[in-house]
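Please read the numbered points alongside the sequence and the model.

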Amino acid sequence: MPRIQLPGGASIHCMVDDFLWPWDGSAPVLMMHGFARNALFWNRWVPAVAETHRVYRPDLLGCGLSDQPPPGYRYTPQAIAAQIMAVLDQLSLPPVHWVGESSGGIIGLLLAAAHPERIVSLVLCNTPARIPDRIKQIYALDKANASEAMRAYGVGAWCRETLGYRLDLEHASPNVCDWVVRQMDRTPPDVAAAMHDCFEGVDTQPLLAKITAPVLLLSGDKSPIAAAQQQVFVQALPNGRVESFPGVGHGVNLLEPERCARATLEFWRGL
């Protein structure tokens, strides 16, 4: 799997799923995981999507199999965007279909606004325009903020305590719940805390009107983080539409992966 060198010597890991003939010219797909997660969260999407597209799944710095950042590293939207631009440039990728989950969708919006020539379309799963204040308070547990809670209790314990806001527990099997906690616990507390501080401060609403790429929004209509904001997206985006999953909370990318992949492929065929 490729490793993408970043300025300063660190590298990020990128899974590549390529089952096409060399001459196949379909637009590549970049799948971006959410906060403190990794490329494995897209595994169930890949069989359907990779039939017609090459799939690239990077791990952000500090996540998955990517290198850890130096102590005291500060994540910013600009630094994260630079990581993704390094992937696109070093792999010589043409404009991509972006598929992002939660904060991975936020990253896609930021890139589509800053580098519209690199993004063909956006598929946003469980993505809010900003993290609601109520969720910030819940994620803080009994600390001042979420980053302090992660440093105090560890990412796995914090994730377990707040899992119902990240994954619909009525629809998720115990195996899925345990797997999500274990995967997120791979991210060191200081890394997760710094990353969360970054995303807590991002508000994409002022950017939406300038994003001209077609956007498909996939969300459960009971998501405590994203459901209420889907109409904000539709009203502000020049070319956006919602596919809602009735009766489902957060985490449709994991709870309904095959359905999400089918909806995504249909969206791309209609462009």
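Predicted model: local features only at pLDDT ≥ 70, side-chain atom pairs only at ≥ 80, totals over all residues.

1. Charge. The chain carries 22 positive and 26 negative side chains. The centres of these two sets lie 1 Å apart.

2. Secondary structure and overall dimensions. Eleven helices and eight strands make up the secondary structure of the chain. The radius of gyration is 17 Å, close to the 18 Å that the globule rule gives for 271 residues, so the chain is as compact as a globular protein of that length. The C-alpha trace spans about 55 × 45 × 40 Å along its principal axes.

3. Burial and surface. Of the 271 residues in the chain, 55% are buried. The chain exposes about 11,300 Å², and carbon and sulfur atoms supply 53% of that area.

4. Contacts along the sequence. Among the contacts in the chain with a separation of 6 or more, 75% are between residues 24 or more positions apart.

5. The nonpolar core. Which residues have the most contacts inside the largest nonpolar core? They are Trp45, Trp98, Ile107, Leu122, Met184, Ile211 and Leu218, in a core of 85 residues. Helix α2, residues 77–90, provides the largest share of this core, with seven residues.

6. Leu218 in detail. Leaving aside residues up to four places away in sequence, Leu218 touches Trp45, itself one of the residues with the most contacts inside the core. Leu218 also touches a run of residues from Val123 through Leu124 and Cys125 to Asn126.

7. Pro71. This residue is found in the loop between β4 (55–58) and α2. Is Pro71 buried or exposed? Pro71 has a relative accessible area of 85%, and the threshold for an exposed residue is over 50%, so Pro71 counts as exposed. Pro71 and Asp190 are 119 residues apart in sequence, yet their C-alpha atoms are 8.2 Å apart in space.

8. Ala144. The loop between α4 (133–139) and α5 (146–153) holds Ala144. Its relative accessible area is 63%, so Ala144 is exposed under the cut-off of over 50%.

Conventions. Residues numbered from 1 in each chain as written. Heavy atoms only, no water. Core = buried A, V, L, I, M, F, W, Y, C linked by side-chain atoms within 4.5 Å. Buried < 20%, exposed > 50% of the residue type's maximum accessible area, 1.4 Å probe, protein only. Helix = DSSP H or I, 4+ residues; strand = E, 2+ residues; numbered from the N terminus. Contact = heavy atoms within 4.5 Å. Rg over C-alpha atoms; globule rule 2.2 N^0.38 Å. Areas by Shrake-Rupley, 256 points an atom, 1.4 Å probe, with all protein chains shown as cover. Lys, Arg positive; Asp, Glu negative; His and termini not counted. Charge placed at Lys NZ, Arg CZ, Asp CG, Glu CD.
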